[in-house]
Amino acid sequence: MVSSQDQGEPSLLSVRGLTKLFGTFAACDGIDLDIAPGEIHALLGENGAGKSTLVKMLFGVLQPSSGQILWQGKPVSISSPGQARDLGIGMVFQHFSLFEALTVGENIALSLDPKISLSKISEEAASLSKAYGLPLDPKMHVADLSVGERQRIEIVRALLQNPKLIILDEPTSVLTPQEADRLFETLFKLKAEGRSVLYISHRLDEVQRICDRATVLRHGKVTGVCDPRQETPASLARMMVGSDVAAVHREDLGTPGEVLLDVKSMSFAPRTPFAVSLKNVSMSVRAGEVLAIAGVAGNGQGELFDVLSGEYPVADHDAIKIRGTSVGRTRINGRRLLGAGFVPEERHGHAAVSQMSLSDNLLLARAHSDRKAFLAGGLGKVIRHGAVKAATARICQVMDVRKSGEDPTAGSLSGGNLQKFIVGRELDRQPSVLVVNQPTWGVDAGAASRIRQALIDLAKSGSAVVVISQDLDEIFEVATSIAVISEGRLSDAYPAGTLSLERIGLLMGGIHDSTQHASHAGEAADAH
Amino acid sequence: MRIELERRARASTAFAAISPLLALVLTLFFGGLMFWLMGKDPVATLYTFFIEPLFDVWSLHELVIKAAPLILIAVGLAICFRSNNWNIGAEGQFTMGAITGSILPVLMPEWHSAALLPAMLIMGMLGGALYAGIPALLKTRFNTNEILTSLMLVYIAQLFLDWLVRGPWRDPQGYNFPKTISFAPEAILPELLDSGRAHWAAVFAIVAAIALWFMMRFMLKGFEVSVLGQAERAGRFAGFSSKKMVWFALMLSGALAGLAGISEVSGSIGHLQPSISPGYGFTAIIVAFLGRLNPIGIIASGLVLALTYLGGEAAQLSIGISDKISRVFQGLLLFFVLSCDTLILYRIRLVFSGSKTEAGA
């Protein structure tokens, strides 16, 4: 480990033995952290490693249970965000707190001294945003802005306080690559001015690209301090996950068997004004195959899942066949009875009810397909809570779901652990067809690798798997064949070995030139 | 100094348990304060209001008579609210149930049969259920807001009853009073005990509460209610239909309100008249929330709210204040129940520093 203290330079912010207990659970356990002036410091860690808790203590949102925070060498106790700002700490949260109905200037003014006039703030914000390459029009309404522009408001709002340290919580998770590049330029400008940045992320490539030093957390403890540029992604991941991230193991899956999922020229009209219509979609997935569907977000992936799952049936009964049976008009539980399983993209409120226990969430997906095991009393349909709880425990064990009690609420689990449960809930019944939308979205590296391996193993055991994903690395890891969805149209499927990244990129935009034009126009407007 | 609500890491089980009690204590305190401002002795008045009725066999019977419709309606509403359907029109379904249930005894006074009473009760339930089906239809077909439609239907039902008892159904020998003929003895819901007037509606209420408690706790249907109430999209993923749930929840609560209506008319009044309810359908909303939308809790909260009716009558008689005071108590109680429920998810923090307004998350 590289010690951070041998630079001689006094740290801007030091943290010594900082601990935060929730009950008996230590979210942060004796954390040491040093941030030098003018450095971009990465805070790396899996979901649930304690990054957010640590940052909340630095910003005065949470109070530490024990330990010390030193600001420019002096011990301080930060009891509120206001106090953190007075010290010179600014924070940009992952989830913005903006009023959509107000203008950019008004939103910024709300967080500042009420005595300063709105026009002065707008002026300052405009000049500041220009200086840092974050173009913003103070008169625009927030509702009309893109996510990237909204983030700029948060950053400008933090910069107006003239902070010495800016904390960014997963800033690129909501940005397009171009927007992210622009953000990085801004961060370098801040660094050049001698400001420090604490950059929270679990994207290793970004951290290597822009950060001077990284502190890695795991299970609430510091597992390493390093210069990310000296490390390889694998060594960084090792510090994050504790062991080498299991490389997903995919031997030849053998020759594919019979067609288990067959979709023939299926079309589906948009349900809402913002939905994408599916146009003439065809695909067929055989036993032992993993068909990955690539595409840029918002090109019909959600709609495709809705239709494949039967949450929204299609009019043409023969357009979709599961194991040879027409299911176009069959609803989700009928399709489950044929051996299909489904994992939606959105964990909270779609795949799971956050306020309900894990066992209730197991029942959510399987009450009908496993009614012999889980229900008693004939038509009365009395729930056999004992059997459901036992199955929940089994799934948690198989998928290594880390949880805080016997049967906690779904909302209390970290994203990765809940996703492992949601995937495990389907795998537990060995579905012959599995349709997964964004299986590892916002999931830490360890959980992601476990989920991907499980998908491959399922295919190997003779099931047909459809993975809808925007993550090309994931797609190349799991897919035996790849198709691309664009504007609601699905390309032919190609064997995974024959497709290059460039080719997929072409398919994503190539089917329809209008997509590209639209996005270029959007960018131009963006830049004013 | 300012007061901040800070979200708790998880729902507080302690406050979930004591919140209704806390609300009761606050209601009593502010009720006493109100009496004191009116120049009455707060302790003595509260005693007359809430304690005295409990020491008299007659008023205990009255308590049960008033609690029964409240509980019957409230358990239905609890299921409805849990499924995220907001039936505010139970008063109308109560009235409509009373009307449809009274069709047989009013129009066929000559029919004397043991089947009469069960037929009346079933028709009352049907009437309430169908009347609640109107907002269900409007919601599922036209996406209208059931809060508004169910509430507006209350006034239609009440005016319809008013027209019936003044017009076509008026008792010809009734000296022009707006009432129907008195029901035949076979159409009267029997009393439970010899000691007083309490009748079978109380049994219906307890049975309904226990049955619905069992459904919510142990049956897939109850699970469906909770899932669709908390996350409609997840309900669809589970294969549950939110449209069918709208129909189920509204018609179930309508049927129970209709049963309460015909039971009240048949058991307590004995004929139809323009006013058959002191606002049971609205008070039951308070009962449902005070009972934490839990059917067993609702039995207790139904008794508490019934006591405010009795206390209002007692206060009118012995202290000489308007019986509108019971409405004031009910309002106070609802206000404090909802406020105290906030403490389950939030804690109150007093911030003394003069720091600036926070805009951060």
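## A four-stranded sheet in chain A

Let's start with a sheet in chain A of this predicted model. Four strands line up in the order E12-E11-E14-E15, and the sheet they make is open, with antiparallel pairing. Which strands stand at the edges? They are strand E12 (278-286) and strand E15 (325-326) of chain A. Each of these has a single partner strand, so one of its sides is left without a neighbour in the sheet.

Strand E14 (residues 320-322) of chain A runs antiparallel to E15(A), and 2 bridges join them. In one of the bridges, Lys321(A) has Ser326(A) in E15(A) as its partner. A helix also packs on this sheet: helix H9 (residues 301-309) of chain A touches strand E11 (259-268), E12 and E14 of chain A. If you compare directions, H9(A) makes about 60 degrees with E12(A).

## A six-stranded sheet in chain A

Here is another open sheet to find in chain A, built from 6 strands in the order E6-E7-E8-E3-E9-E10. The pairing here is mixed. At the edges you'll see strand E6 (89-92) and strand E10 (221-226) of chain A, each pairing on one side only. How much are neighbouring strands of this sheet turned against each other? On average by 20 degrees, direction ignored.

Follow strand E9 (residues 213-218) of chain A and you'll meet E10(A), with which it pairs in the antiparallel sense over 5 bridges. Ala214(A) stands opposite Cys226(A) in E10(A), while Thr215(A) stands opposite Val225(A) in E10(A). This sheet has a helix packed on it too: helix H5 (residues 147-159) of chain A touches E6 and strand E7 (165-169) of chain A. The direction of H5(A) makes about 175 degrees with that of E6(A). E9(A) and E10(A) form a hairpin with 2 residues between the strands, and in that hairpin His219(A) takes a positive phi near 50 degrees.

## Charged pairs

Side chains of opposite charge can pair when their charged atoms come close. Over all chains, the count comes to 30 salt bridges. One of these brings together the side chains of Lys221(A) and Asp29(A), at 3.4 Å from N to O. Where do the two partners sit along the chain? Lys221(A) is in strand E10 of chain A and Asp29(A) is in strand E2 (residues 25-35) of chain A, so to speak a link between distant parts of the chain, 192 residues apart.

## Where chain A meets chain B

How many residues take part in the contact between the chains? There are 40 from chain A and 21 from chain B. The area buried between them is about 2,700 Å², and carbon and sulfur atoms give 60% of that.

In one of them, the side chains of Arg233(B) and Asp306(A) meet at 2.7 Å, N to O. Polar contacts between the two chains come to 11 residue pairs. Several elements of chain A each supply at least two residues to the side that touches chain B, among them helix H2 (81-87), helix H11 (358-366) and helix H14 (415-427). Sorted by class, that side of chain A has 18 nonpolar, 10 polar and 12 charged residues.

Methods: Residues are numbered from 1 along each chain as its sequence is written. Chains are lettered from A and ligands numbered from 1 in the order in which they are written. This is a predicted model: local features need pLDDT of at least 70, side-chain atom pairs count only at pLDDT 80 or more; totals for chains, interfaces and linings use all residues. Side-chain values use heavy atoms; hydrogens and water are left out. Contact means heavy atoms within 4.5 Å. Buried area is the accessible area (1.4 Å probe) that two parts lose on being put together, summed over both. A salt bridge is a side-chain nitrogen of Lys or Arg within 4 Å of a carboxyl oxygen of Asp or Glu. A polar contact is a pair of N or O atoms within 3.5 Å; within protein, one must be able to donate a hydrogen and the other to accept it, and residues adjacent in sequence count only if both atoms are side-chain atoms. Ala, Val, Leu, Ile, Met, Phe, Trp, Tyr, Cys and Pro count as nonpolar, Asp, Glu, Lys and Arg as charged, and the others, Gly among them, as polar. Two strands pair if DSSP finds at least two bridges between them. Axes are lines fitted to C-alpha atoms, for helices over the stretch in contact, and angles run from 0 to 180 degrees between N-to-C directions.
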